[in-house]
Each structure stands twice: as structure tokens, then as C-alpha cells.
Amino acid sequence: MADIEDENVRPSKRARLDEPAIPTETFVAPSTSTESSIPSIPDASKPTTSNGTASNTGENKAEPEVRAGITEYVCPNNLSFSGVFKQRYTDFLVNEILPSGEVLRLNSIGWNNGKEDKQVGNGSYEQAPREKGEVDAKEESKLETGKDEKRPKDKKKTPLLIEEDDAGVGSKPEEKDEDPDAPVISEEDSKKLNTMFGTTAASEIVRLAKAIRRHPTRKAKDFDAVIAPPVADKEARTEAHRGLRRIFPNILESSMEPDQSIRIKAVPPADRKTKGLRRKNEGQGDGRKGRLPWDELGGEYLHFTMYKENKDTMEVTGFLGSMTGGGPRSFGTAGTKDRRACTVQRVSVRRQTPQRMAHIGRQLLNAAIGDFEYQKHEIGLGSLLGNEFCITLRDCHFDKEEGLDHPQRLQLANEVVAKAIADFSEKGFINYYGLQRFGTFAISTDTVGIKLLNGKFEDAVNAILDFSKDALDAANDPGGNPTLRVSQNDRDRAKGLHLWKTKRDGSGALGLIPKKYSAERNIIQHLASRGKGKGQADRSRDFQGALKMIPRGLRLMYVHAYQSLVWNAAAGKRWTTFGDKVVEGDLVLINEHLDKDPAAEAKNQDVIDQDGEIIINPSGDDSATKETDFIERARPLSKAEAESGRYTIYDVVLPQPGFDVEYPRNSIDDFYKDFMGSERGGGLDPYKMRRNWRDISLTGAYRKLLAHPLQPLSFELKEYVQEDECFVETDLQKVRREQAVEADGNGNGDVMVVDKAEAEGAKKIALVLKMQLGSSTYATMALRELMKRGGVKTFQPEFMGGR
């Protein structure tokens, strides 16, 4: 395939793979007894080496999956296969599935300054392709910001020229498209302007006002002033000044010249208020601030599609927020997307224009925005049906392939993958929380959560500030152990934390620890702060206060990780105990099955109130309650309901522990008590989850036991030799290719040159897999079910050995 994105060629990297902590054949599955035995889940609080095994003790040599409670498969007898995951960013494509069921695609980039653009309904816009001769991004930046970054000092800046054209005035030759929000004055005011200033001057004044409206942030000196003919009569001059301020409030100002002529110029941008002027001059409003102008566009929230590559969602929205001045919180998303991937998601921002956002979007690196549309509501967490994944697994190997030649391997590969996908599409997978939920450091996030829930705040602080001896050794002696490679960030972190631990040097530690480790930095900054009076460190023992300095979202991550650990363990126990059979005491969501509940059905039929009036239930924008305001509830099934066949295993949910959840009314309830009360479970009681500190007082939630794909999976096997060969095309590459076709009529990019010797090498097999999963499911857990234990070999883009 042609290398379409040739201007952003990615450097080739040697694949570093996660190695399993123990050979696959040494794994012992948990007991399948129906008794409430606790699976052997190692304690993640004990030191681990870089590959996840216990250090020097010989104990707890279990895989990270087992430590996280991930133990079971729906179809354990299928043949397994392995492959390298995320070797390239383009090996993992993620596109949101909108609530309507449509897969979100990036269809256009940026905004074409209104050229041939037209509103096609409901606030959306149809954008025309950029034509030759149109201003480039640099020139457009000067027009929008009023700044010329490389203006020669010996040249005088030329103000905006006022020219006769269809667009009005205040435009350079490139700006001859009328702005839809340009000011329009009534016929009566136009006659008054002609009377006060003359026909020629009045026309120039109107065009000047239009130019200011199109560039509201430009400095006043950027616009040519209009000099009206002299007016000898004082009262006539006064009336002219007043009339000008009335017709163009806070846009134009006037003054008298020595020869009694009137000079009309732009008001400084700080005092300029153009909002609502057009409506006022047309007699359609009073020009007051409010939602009405945004409602005419479709709503005050601008929705757009964001493409990013090898970036966190917060990284991109944080940059956009810094440019708009609203910060990252002003942007709404349905959820965060993977960093090492190419992702497409919908984003909302309040009261911004497509033109401004498109201009800011040109400054993004490895990201792009487009497809703008005004809507009445912002995008919130969960505002999606799911995600579509296009996954490339490289260098695949399959069970029982030993001794086969390449054509035979290819045939075996097709049989193994086809069988795995058929079973997966039909039966789904256990909806485990993925490993990313539990962090990458030696002490996992769920361990910190246990200490928080037990009120051991000092231990929680020490766990967060823990570091690996390997990372410190690498920092002090980079060449000491060539087999253990540690990233520079991990080295600096270990060195800074060691300095704090040994010398309590807060400023020195903060100078070493990278800013990305906000939890560690905030804790140290709080504990090292000094009082105003005595000059002593009066917060050195305020561990709860230090924990409160961590951003709330990060704080909650620790206790949520503990909930995820308990849920994973309970899910494995539920599957080994009852399998895919619905049994008495299983929980189902109430709102999801109202049609199956006779009591709820009778209640819904009450459409007449006590006075005999018809009850009208509000919906849509008329409803005072949002859909997300409803708290999800679950109830246990009776024996008759479980045996009725009206419920399937895909309806069964399990609770995350909390004080506001229902637990199953069968042996799984006993498992929650036994596991949470054990040492690994933190010695906690599932029925006593309230805490004085509100942030760690868990209400609980529900999660489906099994997940299944929204659509049957599809796959394609690829033969390749060159390591960096790309098998899929990203949305950004598609848009650029289409733009190239429209620009020169030739869609052929640069052809990737393959070395002859390399082309004659041994062929490898890659699997391109496409699947659609619902929200709150992990693609890594889906791959685990498909490939079985040890199948996914995750590519490591940077060294993580020191964690």
C-alpha cells in the first residue's frame, strides 16, 4: 500500500514484547468447586521485578492477569495463537460508535473560511475543498489574529484596505466572501447615514463596520479610518456623532478634525461588543446577551470530530483549552481513548465558532479536528454506543504449526482464527476490567485503594511514593545492568523519590520528578510546605491532606481499581460456579427489563391522575431530568424467573462493592464476603463501605458479567516481509488522499520501496481484525478471549523495566 502520510513518516522500532512471568504450562486454574473458595490472587503490594514476578522470594510468581483476578475463558478449549499488538500506532484504530449506531469517521479537516460553505440543516455545515490560490495557513493566521510573526522591522505595516467588492469592506483581496454575521442596517438608518455624511462616506462607513465584524479581535489601527466631508454646523456634527453611535454601538467611534471634517474609526477590541448587532439593526431583537443567537445556529455547543495519534485525549483537549482560554474542562467527550493508537471521537465545546477552532486546530501535531456542528447539549461520559476497533496483530503464530511450511501455516491460521471468531461472535467474553485499570508500577493502584479504604493514609502515601530499586540503580549507574533498560522518566522519578525519602528535601525532589507524575509531586509539595510562623514543617504528618492534593479523578482511580479487582474475582467465581446458566439470586437491571416485571408494567399503565386528568410525561428538551440522572438499580431473580427462559446470561450483572448496591442472593454473595474479608481483599466488609471521607465512600455500581460484540467480527490474514508495512488506512490518511485527488487529480502517493533482500526473506503472517464492542468494555480482554493465554504480545514503545 502507498505510504500516504509521507510527511509524517514514523521511525521504525524494534519490537519489545511483554514476556509472561511464568511459562503457560505452569499455570494452575482456580478450583471449580461450588464452595465459596477464594481464587489464589497474589498480593500486588509485595515487591515485584520488572517482568512482574516476585523478587527473590520465589512466591507469587503469577502473571499480572492473575493478580488482577483475570482467570477464566468462555471457550477455553479453542486453539490459541499469538501476535504482536500495537507495534505501530496504525495497528490500533479506534472509532466511536454514536448513539444512533453510526460509526464516527473523520470526513474533513479544518474550516475553509466560508468559501462555498453552506449550512445544510440542524447546525451542520457542508465544507468545500480548498482550491489552488487560496490563502495558506500562515497567511490565514495573520488575517485571524492580526499578527505577522516574521514582519520585517524596516517595513511599515499596511492597514486593511477598503476595496469595492461583493463582500463589503475591511478585507484583503483574499477575503471577498461575505460573512453571514456581517452587520446589516435598516433602510431608514441607511438614509440617515447618507444625509449626515454623504453617499460616498456612508458607503465606506458601512463597509468599515462589516470589516470589524468579520475580524472582531483585530486592533483598531488595523482598519483604515473613514474621513467624512466637513460639517460646519455644530448641531449637525453633534447629531452625526450621536447617530453613528446609535447605529453602530461599540463598533465605531468618531472625532472632529481641525478642518471640521469627521474622522470615523474602529473601537479598540477590548471595548468592542458586536454580539447581537445584526438582529438589533434588523429590528429582530434588542441586542442583549443571551442564548438566542446560538439557538439560531443550532445550539451553544459546538461539536466536532477529533482525530489523534499517539496522544492522550486530555493532552489534546488540554492544548485546545489553553488556546481558547477555557481549559480542558470546557471540552466534553464520551470517554478517554488509548494513547498508543489512532482514535476518532466526538468532542464538544461551549460557545466557540468553527472558524476559531479550525484555526487553533492547525497548530495540532499528530492530531486534527473537523466536521463542525452546533448542538443544544454537550457531550458527556457514556454518550456513545461503543467503539469500533481495527486491530493489526503482527508476526502471528498458531498452535500446532511446528513443521509446517508457509502455505500450510496460512491454511492453519485461517482455520484457527475463523473458529475463534465464530465462537466469540456467538458467545462473547467475560467482561473483565483490563490490566490498565491497575497501573504499571510495582505497587498496583488497587493496593493503594485498599489502604485508603482502611483509613491507613500514611501507608497509602508511602505506596504512591514507592519506587523500584532497579530504577534507582539505573539512575545512579546507567551502564550497570545492560539487560534492564529503564526510561529516563522512571529514573528521574526514582531519584527524586529517593531524595525525599532519605533527606526530606522537597524542593530537590520536585526538581527531579517529572511533572507527569502529579500525584507524587502534589504529595511531596504538601508534606514539605512550612507554616508562616515558626518556620517548621507543620504538614509533615498531614497524610490525608497530602492525599487531598491529588486531583480528584486520580484519587478516585485508586478506590475504583479496588472495586475492579473485587468484580474481576467475583466474575471468575460466578463463571466457574454456574457457567452460562441463569440461576436463582442472579441480579438483573430493573430499568432494562421493565417489560418483564409485572409490577413495573402495571405501574406504567397508570396514565390518569387522581383527578381523572391524562398524565403527560415530558421528553426531550421538555424534561427536567436528564437520562443520566437516573440511578441504575438491580434486583435478584426468583427461581421461577430464572427458569422461565426470559432472561439470559447476557442480562446478568455483578455489583462493584459499595453501600448502595444489591448483592446476589446465592453463593456469590458469600464469595464477596470471603474475598473482601481476606488479606488480598483488604479485610473489608462489603456491607460496610461508607467512609467519613466522601471521596472514598463507595456507592457501588453494576457491570454485565458477559459482553458480546455489537456486530459479528471480520478478519483478514496478510502476508508480509517488511516490518513497517502498513495494512490499514487511517481516517486522516483517507482525508489527505482525497484532498490530493481533488487538488491534482492523482491519488497515487509515494510507493513504499522494499529492499530486494528483505523482500526475499521469510514471509510472516499478520491478522487484521475488525470488531465493534459496547461502551465500558476492554478490547484487550476481547483479544485475550480470542487468542487465549499469552497470545497478546504487547509492543513496548519505551522501556518500563524500572517500575
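**Two residues in a predicted protein model**

Buried residues (under 20% relative accessible area with a 1.4 Å probe, counting protein chains only) make up 47% of the 803 residues in this protein. This is a predicted model, where local features need pLDDT of at least 70, side-chain atom pairs count only at pLDDT 80 or more, and totals for chains, interfaces and linings use all residues. Residues are numbered from 1 along each chain as its sequence is written, and side-chain values use heavy atoms, leaving out hydrogens and water.

Me: How many helices and strands does the protein have?
Reply: Both are DSSP runs numbered from the N terminus: helices are H or I with at least four residues, strands are E with at least two. The secondary structure comes to 24 helices and 21 strands.

Me: Is T313 buried or exposed?
Reply: First, find T313 in helix α8, residues 313-324. Its relative accessibility is 3%, so T313 counts as buried.

Me: Which residues does T313 touch, not counting those up to four places away in sequence?
Reply: A contact means heavy atoms within 4.5 Å. Leaving out residues up to four places away in sequence, T313 touches M306, K308, T333, G335, T336, K337 and Q345.

Me: Why does A528 count as partly exposed?
Reply: A528 sits in the loop between α16 (518-527) and α17 (543-548). Partly exposed lies between the buried limit and the exposed one, which is over 50%. A528 counts as partly exposed because its relative accessibility is 27%.

Me: How far apart in space are A528 and W500, C-alpha to C-alpha?
Reply: A528 touches W500 and G506, not counting residues up to four places away in sequence. A528 and W500 are 28 residues apart in sequence, and their C-alpha to C-alpha distance is 9.4 Å.
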